[in-house]
Amino acid sequence: MKKIAVFLIASFIFLAKSEGQIYMADSCRVSFFSAATIEDITAVNSVSKPVMSTATGDIQISIANQQFIFKKKLMQEHFNEDYMESDKYPNTIFKGKVNEKVDYTKNGVNNVTVTGTMDMHGVQKIITIPGTISIQNGVIVLTSKFAVKLTDYNIKVPTVIGSDVAKQIAITFTATMKPYTVK
């Protein structure tokens with residue numbers, strides 16, 4: 001995971017213009033929810049470190065699939081082995097760009113969309129995600145709620161429990177971003 005974060009930061013430093021700043025998540029929470037017949041399925045990943053450039057509006061995040069934590073270990077096993085095939089596809093990666101112009105020097109809340117490529121389960125798909133960019137005294141908070149269809153990423157639900165898992169998964173993302181400084 002550290003290698004991916006270093007790569008993402010290095011690529012942003014290269015791409016950033018002098019008038020912008022590179023920001024990295026101080027904290028990040030990616031969660032998902034799936035309504036199910038027997039029991040709803042929820043999981044949280046709190047170890048991802050998205051990076052962004054305020055000069056270009058570029059945002060990147062790599063999420064280690066095995067870092068999602070479930071209430072029950074068996075759910076976590078099924079997620080990694082049967083659905084995400086985490087040994088074969090260890091990360092979900094999103095690389096995108098904020099579509100709206102945001103003044104990162106002004107405090108406030110900005111409704112935005114981010115368009116980019118989601119690389120999940122071996123499938124790359126261009127998506128647009130709605131969200132907000134909140135700025136308060138130099139700290140940027142990114143938030144988003146969106147849905148992902150399992151079929152869009154060739155994620156198959158085992159037939160034994162096919163009726164239990166929703167075909168569309170609700171994703172919630174929150175990251176508190178602070179200026180990145182080289183140590």
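Strand E7 and strand E8 (residues 123-136) pair in the antiparallel sense over 13 bridges, where two strands are said to pair if DSSP finds at least two bridges between them. Within this pairing, Thr117 has Ile126 in E8 as its bridge partner. The hairpin of E7 and E8 has 2 residues between the strands, and in it His121 takes a positive phi near 55°. Strand E7 (residues 108-120) is also joined to strand E6 (residues 91-98) by 6 bridges, again in the antiparallel sense, and Ile93 stands opposite Asp119 in E7.

## The model and its chain

This is a predicted model, in which local features need pLDDT of at least 70 and side-chain atom pairs count only at pLDDT 80 or more, while totals for chains, interfaces and linings use all residues. Residues are numbered from 1 along each chain as its sequence is written, and side-chain values use heavy atoms, with hydrogens and water left out.

The protein chain holds 2 helices and 10 strands; helices (H or I, at least four residues) and strands (E, at least two) are DSSP runs, numbered from the N terminus. Read from the N terminus on, the elements follow the order α-β-β-β-β-β-α-β-β-β-β-β. Of the 183 residues, 43% count as buried, a word used for a relative accessible area under 20%, whereas exposed means over 50% and partly exposed lies in between (1.4 Å probe, protein chains only). Among contacts (heavy atoms within 4.5 Å) between residues at least 6 apart in sequence, 62% join residues at least 24 apart.

## Strand E1 and its partners

Strand E1 pairs in the antiparallel sense with E2 (residues 41-45) over 5 bridges, with E3 (residues 51-53) over 3 bridges, and with E10 over 10 bridges. Tyr23 stands opposite Met52 in E3 and also opposite Pro179 in E10, while Ser31 stands opposite Val44 in E2. E1 and E2 form a hairpin with 6 residues between them.

## Core and pocket

The largest nonpolar core has 44 residues, and those with the most contacts inside it are Phe32, Ile133 and Ile140; such a core is a set of buried Ala, Val, Leu, Ile, Met, Phe, Trp, Tyr and Cys residues joined through side-chain atoms within 4.5 Å. Leaving aside neighbours within four places in sequence, Ile140 is in contact with residues including Tyr23, Met52, Tyr104 and Ile133.

The largest pocket has a volume of about 970 Å³. Of the 46 residues that line this pocket, the closest to its centre are Phe32, Phe68, Phe79, Ile169 and Ile171. On a 1 Å grid over the protein atoms alone, a pocket is an open set of points where a 1.4 Å probe fits, with protein on both sides within 12 Å along at least five of seven lines, and lining residues have an atom within 4 Å of a point. Grid points are joined across faces, edges and corners, and the volume is the space filled by probe spheres set on the points. Among the elements that each supply at least two residues of the lining are E1, helix H2 (73-83), E9 (139-149) and E10 (168-179).

## Asn65 in its loop

Asn65 lies in the loop between strand E4 (58-64) and strand E5 (69-70), and Asn65 is buried, with a relative accessible area of 1%. A polar atom of the Asn65 side chain lies 2.8 Å from the backbone oxygen of Tyr89. The side chains of Asn65 and Thr92 are joined by a polar contact of 2.9 Å, that is, a pair of N or O atoms within 3.5 Å; within protein, one must be able to donate a hydrogen and the other to accept it, and residues adjacent in sequence count only if both atoms are side-chain atoms. Leaving aside neighbours within four places in sequence, the contacts of Asn65 include Phe79, Met84 and Pro90.
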